[in-house]
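Please look at the sequence and the 3D structure below. Then read the report beside them.

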Amino acid sequence: AKDVVISLFGGYAITFLGIVILAFLLLMFQISENMVDIGIIIIYVIACLLAGFIIGKRTKARKYLWGMLSGGIYFSILLFISLLARQSMENVGSDLVTVLLICVASGTLGGMVS
């Protein structure tokens with residue numbers, strides 16, 4: 001359990017840093033909404049890759065499964081926070097499955113390469 005928490009902390013640290021950079025770019029360069037969406041997807045991929053990599057290094061066995069788990073938990077926490085902020089399931093969107101797959105696949109890949 002400690003390894004999962006550590007990997008998620010690393011993933012969310014990257015998420016925080018990525019969002020700060022993205023917000024700065026938005027402020028300075030007035031980037032389009034499409035570019036912001038692409039930036040957010042890139043942040044998810046890098047964060048879950050890192051989380052999977054960290055847990056793979058720490059567990060040393062079945063790394064891809066642990067990476068998959070960390071990507072899934074990362075997504076679950078992200079969904080929970082999003083639902084808290086929105087106060088409803090309205091407009092959660094069709095991107096939900098895509099983001100889940102991105103997070104799980106990136107976490108799995110991070111675990112595999114660790």
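Which hand does the crossing of H3 and H4 have, left-handed or right-handed? The crossing of H3 and H4 is right-handed. Keep in mind that this is a predicted model.

**Helices H3 and H4**

Two packed helices are described by the angle between their axes and the distance between the axes. Helix H3 covers residues 63-86, and helix H4 covers residues 95-113. They pack at an angle of about 145°. Their axes are 7 Å apart. Several glycines take part in this meeting, including Gly67, Gly71 and Gly72 in H3 and Gly107 and Gly111 in H4. Among the other H3 residues are Lys63, Tyr64, Met68, Tyr74, Phe75 and Leu79. From H4 come, among others, Leu96, Val99, Leu100, Cys103, Val104, Thr108 and Met112.

Helix H1 runs over residues 2-29. Ser7 sits in this helix. Is Ser7 buried or exposed? Ser7 has a relative accessible area of 0%, so it is buried. Which residues does Ser7 touch, apart from its neighbours within four places in sequence? Ser7 is in contact with Ala51, Ile54, Ile55 and Ser70. Now compare sequence with space. Ser7 and Gly72 lie 65 residues apart in sequence. In space, their C-alpha atoms are 12 Å apart.

Thr15 is also found in helix H1. Its relative accessibility is 6%, so Thr15 counts as buried. Beyond its neighbours within four places in sequence, Thr15 is in contact with Ile43, Ala47 and Tyr74. Tyr74 belongs to H3, and there it is among the residues that meet H4.

Leu27 has its place in helix H1 too. Here the relative accessible area is 61%, so Leu27 is exposed.

**One salt bridge**

How many salt bridges does the structure hold? The structure holds one. The side chains of Arg58 and Asp3 form it, at 2.8 Å from N to O. Side chains of opposite charge can pair when their charged atoms come close. Arg58 has a relative accessibility of 37%, so it counts as partly exposed. Asp3 is partly exposed as well, because its relative accessible area is 22%.

Helix H2 spans residues 33-59. Ile40 is in this helix. At 30% relative accessibility, Ile40 counts as partly exposed. Ile40 and Ala85 are 45 residues apart in sequence. Their C-alpha atoms are 17 Å apart in space.

Next comes the backbone. Most residues other than glycine have a negative phi, and most peptide bonds are trans. Lys60 is found in the loop between H2 and H3. Arg62 has its place in the loop between H2 and H3. The table lists a phi value for each.

| Residue | Phi |
|---|---|
| Lys60 | near 65° |
| Arg62 | about 50° |

The phi of Lys60 is positive, although Lys60 is a residue other than glycine. Arg62 has a positive phi and is not a glycine. Arg62 is exposed, with a relative accessible area of 63%.

How values were computed
Residues are numbered from 1 along each chain as its sequence is written. This is a predicted model: local features need pLDDT of at least 70, side-chain atom pairs count only at pLDDT 80 or more; totals for chains, interfaces and linings use all residues. Side-chain values use heavy atoms; hydrogens and water are left out. Helices (H or I, at least four residues) and strands (E, at least two) are DSSP runs, numbered from the N terminus. Buried means under 20% relative accessible area, exposed over 50%, partly exposed in between (1.4 Å probe, protein chains only). Contact means heavy atoms within 4.5 Å. Axes are lines fitted to C-alpha atoms, for helices over the stretch in contact, and angles run from 0 to 180 degrees between N-to-C directions. A crossing is left-handed if the near helix is turned anticlockwise from the far one by less than a right angle, and right-handed if clockwise. A salt bridge is a side-chain nitrogen of Lys or Arg within 4 Å of a carboxyl oxygen of Asp or Glu.
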